[in-house]
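Please look over the sequence and the model first; the notes follow.

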Amino acid sequence: MALIVPDTDEFDYIVIGGGSAGAPVAARLSESGRYRVLLLEAGPRRSPFWVRTPIAYVFFLERPSSHNWGFKTEPEATLGGRVINAPRGRGVGGTSLINSMMYVRGAPFDYDGWRDNGAIGWSYEDVLPFFKKAERHTWGESVHHGGAGPLEVRGPQSKSPIHDAMVAAGRECGFAATEDFNGEAYEGFGRYHHNQFLKDGRRCSTGAAYLNESDVPANLEIRDNARVTQIEIKDRRAVGVAYRRRGEEMSSSCRGEVILCAGAFQSPQIMMLSGVGPAAELARHGIEVLAAQPSVGANLMDHYGADIQCTASQPVSLYSSMTFPGALIALYQMLFHGKGPYTFFPFDSGAMVRSAPDAEEPDVQFLCGDYTREGGRKTMRRHGFNIAWCQSRPKSRGRVSLRSGDPFDPPAIRYDFLSEAEDRAVQRRAFKLARRLIESSAFAPYLGVEIAPGPECRTDDDIDVYIASYGAQHHHPCGTMKMGPPGEGVVDHRLKVHGMEGLRVADASIMPKIVSGNTNAPTIMIGEKAAAMILEDAP
């Protein structure tokens, strides 16, 4: 029976943000045909060629564009006053349009920790079905993987011997190897999986996976280029959303729920602009306080780390595909066969390890890339490789605040990286382990010279200065709309905003603690689980 769509701008559900969580939420809420769903996305609906090309990540992630908000932090005092790039995706697919495509769920103990701290229904056993529901792995259905979901996941692709050397170096340094970071053994050295289409090697964003333009149901309306300015709240209930679209001020009403999926920076910003947040901050910007929520914008987390850059003594890196005629060959392979180096992501190998023997759980993630850059450049000048790392479970916390009451001003982002002594100690240990890996016999056939920071960086003070001066976040912001009890968190375990009706949050901002790995797959899971809970509660 065909759904009859009434001629009105009232919807059962309004989803704000069509990103890694928002696209699954909108798709799942609409697939039954029972509800009218509106998806509001600030960016464009269609993605250009470069967005769909995996290798383009290396060049475009840090550049503001139609698909990248290009945020920057406030000067970070703990990093010598540096301003850090904080890219976020813009468009249907969100940050899955511009991220590394790495499919890493995090460790089971991450989610069990959420449960143990009061997040009922968020243990690893609880969330695994939603990871699997989203996933269509080339390995097929198994205990750990899904085989019929919309999100395509591929195993390791790169043939560079650098990645074999990385795994071998880990074994040489006394660490285990793992076949699958998302399988039986999370800990160890191994190869990463990525969100890519099997047929052509292109990026599989959530927009492409969940909201294919040829298959959008009649009861789902997607309005792109729609910049949300405020959630309309009446008597502590979300009743609609105001937004600007193509120069026109618009408003849509909601008889069911508004689901905020704008990400760790913009979900708290929109919430505060709507009158829900720290009372003093709202008052300072002339915003009426509808509900005082001091935790909105607090608890900002991300993975921070640095890398060691080396030249290669053999032509084993991506540099061959960046110069003529290698670039033409790689382009031909991608366009006509869906294969070749332009369909690989440079960080194909890595590890989840303990930086110290007495660490309770793995606390460092490593990534090995078969390219090098020099002098802060994002482009390659010669053959090389790098070993990067980040601290998996940092203690430092930051905050997202309003820069002003103008919804078109970017949020004020302060990470306060390395403010905790334990974080600095873990970073030092990670640096020293990265250098041990590089100096192993496994890398000996390929190692040229270390160009950053250089062999003269040896003492703890030298290492601290290097990491603070040249490190970066790994683009995994989360936690700013924390799941937790009233007064401590913003949302409950059903993702409902405390003290409000008809309003939930579903994106990485609800994470009470950051997961031990890349955050895109967990964010997609959050979207899947949120949609299931909303449908369970539907009238």
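Two residues are in contact when heavy atoms of theirs lie within 4.5 Å. In this predicted model, 69% of the contacts between residues at least 6 apart in sequence join residues at least 24 apart.

**Overall form**

- Along the principal axes, the C-alpha trace spans about 65 × 50 × 45 Å.
- The secondary structure consists of 13 helices and 23 strands.
- Of the 539 residues, 62% count as buried.
- The accessible surface is about 20400 Å², and carbon and sulfur atoms account for 51% of that area.

**Helices α4 and α5**

- Helix α4 covers residues 108-116 and helix α5 covers residues 124-134.
- Their axes come within 8 Å and cross at roughly 120°.
- Angles of 65 to 115 degrees count as roughly perpendicular and those over 145 as roughly antiparallel, and α4 and α5 are therefore oblique to each other.
- On the α4 side the contact is made by P108, Y111 and D112, and on the α5 side by Y124, V127 and F131.
- By class, this contact of α4 with α5 has 5 nonpolar residues, 1 charged residue and no polar ones.

**Helices α11 and α12**

- The axes of α11 and α12 come within 10 Å and cross at roughly 100°.
- That angle makes α11 roughly perpendicular to α12.
- From α11, the residues R424, Q427, R428, F431 and K432 meet D460, I463, D464, Y466 and I467 of α12.
- By class, the contact of α11 with α12 has 4 nonpolar, 1 polar and 5 charged residues.

**The buried side of α12**

- Helix α12 runs over residues 460-470, and its buried residues are I463, Y466, I467 and A468.
- An α-helix has 3.6 residues a turn, so residues three or four places apart point the same way.
- I463, Y466 and I467 are also among the α12 residues that meet α11.
- The cover over the buried residues of α12 includes helix α11 (421-438) and the strands β14 (304-305), β15 (307-312), β18 (384-391) and β21 (447-452).

**Cis peptide bonds**

- F324 and P325 are joined by a cis peptide bond, with omega about 0°.
- P325 lies in the loop between β15 and α10, the latter being residues 326-337.
- A cis peptide bond also joins A452 and P453, with omega about 5°.
- P453 sits in the loop between β21 and α12.

- N299 is not a glycine, yet its phi is positive, at about 70°.
- The loop that holds N299 lies between β13 (291-292) and β14.
- Buried means under 20% relative accessible area, and N299 counts as buried because its relative accessibility is 15%.
- H475, also not a glycine, has a positive phi of about 65°.
- H475 is placed in the loop between β22 (472-473) and β23 (503-505).
- With a relative accessible area of 16%, H475 is buried.

Methods: Residues are numbered from 1 along each chain as its sequence is written. This is a predicted model: local features need pLDDT of at least 70, side-chain atom pairs count only at pLDDT 80 or more; totals for chains, interfaces and linings use all residues. Side-chain values use heavy atoms; hydrogens and water are left out. Axes are lines fitted to C-alpha atoms, for helices over the stretch in contact, and angles run from 0 to 180 degrees between N-to-C directions. Helices (H or I, at least four residues) and strands (E, at least two) are DSSP runs, numbered from the N terminus. Angles under 35 degrees count as roughly parallel, over 145 as roughly antiparallel, 65 to 115 as roughly perpendicular and the rest as oblique. Ala, Val, Leu, Ile, Met, Phe, Trp, Tyr, Cys and Pro count as nonpolar, Asp, Glu, Lys and Arg as charged, and the others, Gly among them, as polar. Buried means under 20% relative accessible area, exposed over 50%, partly exposed in between (1.4 Å probe, protein chains only). Accessible areas come from the Shrake-Rupley method with a 1.4 Å probe; for residues, only the protein chains shown count as cover.
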